[in-house]
Amino acid sequence: MSKFFDKLETRSADQRAAEQSALLRQRLSAITIAPEGWQEAAAQVHSAEDLPKLPVLRKSDLSSWQKQRPPFGGIAVSNVAHYFQSPGPIYEPGGVTPDWWRMGRFLHASGIGAADIVQNCFSYHLVPAGMMFENGARAVGAAVLPAGTGQTELQVQAARDIGCTAYAGTPDYLKIILDKADEMGVKLAITKAVVGGGALFPSLRQHYADLGITTRQCYATADLGNIAYETDALEGMVIDEGVIVEIVRPGTGDPVAHGEVGEVVVTSLNPDYPLIRFATGDMSAIMDGTSPCGRSNLRIKGWMGRADQTTKIKGMFVRPEQVAAFVSRHDEVSRARVVASRDGEMDVMTVQIETRASNPALYEGTLLDTLKLRGKVELVPPGSLPNDGKVIEDLRSYE
């Protein structure tokens with residue numbers, strides 16, 4: 001079994017940038033339905049570095065488009081074999097061409113191949129997760145037991161009788177199967193697990209390792225397919241070759257520096273369903289350097305929380321977009337952070353502002369204009385706010 005899924009994984013940075021830029025221009029030229037002004041901006045995009053010239057596409061936008069023009073909002077979609085519905089509802093297409101969701105790359109990196117039988121415990125009902133992993137298993141030549149969830153005793157029996165060697169599903173459901181197998185006195189042959197859809201806590205990974213099961217996780221969504229995945233190096237997640245990932249300041253489309261935490265924005269190069277600058281709502285950061293596993297693409301640190309930090313203070317919603325609007329009004333301000341707390345039974349809003357200025361009164365008027373609330377202004381030195389991607393922090397206890 002080759003170490004790498006294909007030659008794309010070991011491209012030089014220049015080769016990857018050139019080839020992805022060519023694909024990006026193809027995808028942009030094929031989009032005929034877009035908001036006013038979008039096509040003009042797209043004409044100025046020649047590479048991934050130009051993507052910030054385009055607006056971010058959010059799930060709320062996609063949902064609105066789909067309500068107006070069901071099922072896919074007017075986006076030109078081709079080779080549709082399946083229609084899926086995720087909460088919202090938001091509809092996603094699915095294809096059956098080889099590795100349509102690019103999950104095969106992840107399974108290959110996890111050591112799954114033609115000799116394996118994968119017990120696929122992701123749902124096949126409405127949502128695409130089950131088909132995503134089945135499509136990936138086909139890409140590496142593995143057979144599949146389409147198990148879904150529930151009926152744990154039958155799952156154990158089938159896994160034993162068929163001889164399943166690998167598991168695909170949420171991180172915690174494998175433990176339920178293994179515990180049931182112990183209860184039934186059944187020894188299973190599972191030695192590999194590929195997981196997603198939830199956090200793989202270090203203690204759970206170690207529990208599986210103690211049982212002889214190697215566990216790897218990916219970061220994927222119903223809309224985009226695989227975005228990034230773990231390798232044997234276990235140093236962050238390598239970004240998939242079929243997407244372009246940006247990390248932006250929450251509430252904006254502005255990229256942040258490598259290492260800084262922000263919202264994950266993904267451009268899918270899938271010719272059947274291109275999504276341009278699609279905001280996932282998840283937080284992460286780009287890691288420096290490349291993976292010791294030999295794959296040359298950038299890495300992200302993994303899931304680091306949600307970007308939608310909208311919080312109600314004094315009866316008013318404060319949104320990341322408002323904080324970004326405040327920062328944009330002052331050239332000397334690098335970052336700002338709204339902190340919600342309590343003083344007795346009263347809400348308190350403190351706005352921490354990274355600036356070299358020394359007079360808080362300089363910002364009071366702009367804060368009222370952008371946040372629609374009065375609050376305490378706290379000036380802090382540039383670079384002193386935590387690198388956690390938060391622009392709104394709620395310290396109030398709800399217990």
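Me: How do you know that Phe-106 is in contact with other parts of the chain, and which residues does Phe-106 touch?
Reply: Contact means heavy atoms within 4.5 Å. By that test Phe-106 touches Phe-133, Val-194, Val-195, Arg-216, Gln-217, Cys-218, Asn-226, Tyr-229 and Glu-230, leaving aside residues up to four places away in sequence. This is a predicted model, in which local features need pLDDT of at least 70 and side-chain atom pairs count only at pLDDT 80 or more, while totals for chains, interfaces and linings use all residues. Residues are numbered from 1 along each chain as its sequence is written, and side-chain values use heavy atoms, with hydrogens and water left out.

Me: What makes a set of residues the largest nonpolar core here, and how many residues has it?
Reply: A nonpolar core is a set of buried Ala, Val, Leu, Ile, Met, Phe, Trp, Tyr and Cys residues joined through side-chain atoms within 4.5 Å; buried means under 20% relative accessible area, exposed over 50%, partly exposed in between (1.4 Å probe, protein chains only). The largest such set has 43 residues, and Phe-106 and Phe-133 are among those with the most contacts inside it. Helix H5 (129-139) is one of the elements that supply at least two residues, and the largest share, four residues, comes from H5. A second, separate core has 20 residues, including Cys-164 and Leu-200.

Me: Why are strand S4 (143-146) and strand S13 (286-287) called edge strands?
Reply: Strands are DSSP runs (E, at least two residues; helices are H or I, at least four), numbered from the N terminus. Two strands pair if DSSP finds at least two bridges between them. S4 and S13 each pair on one side only, so they are the edges. The open sheet has nine strands in the order S4-S3-S5-S6-S7-S8-S9-S14-S13, with mixed pairing.

Me: How do you know that strand S6 (residues 192-195) pairs with S7?
Reply: Four bridges join S6 to S7, and the two run parallel. Pairing asks for at least two bridges, so S6 and S7 qualify.

Me: Where does Ala-222 lie, and what does Ala-222 touch?
Reply: Ala-222 is in the loop between S7 and S8. Ala-222 touches Ser-86, Glu-92, Trp-101, Pro-128 and Met-132, not counting residues up to four places away in sequence. The C-alpha atoms of Ala-222 and Gln-85 are 9.2 Å apart, though 137 residues separate the two along the chain.
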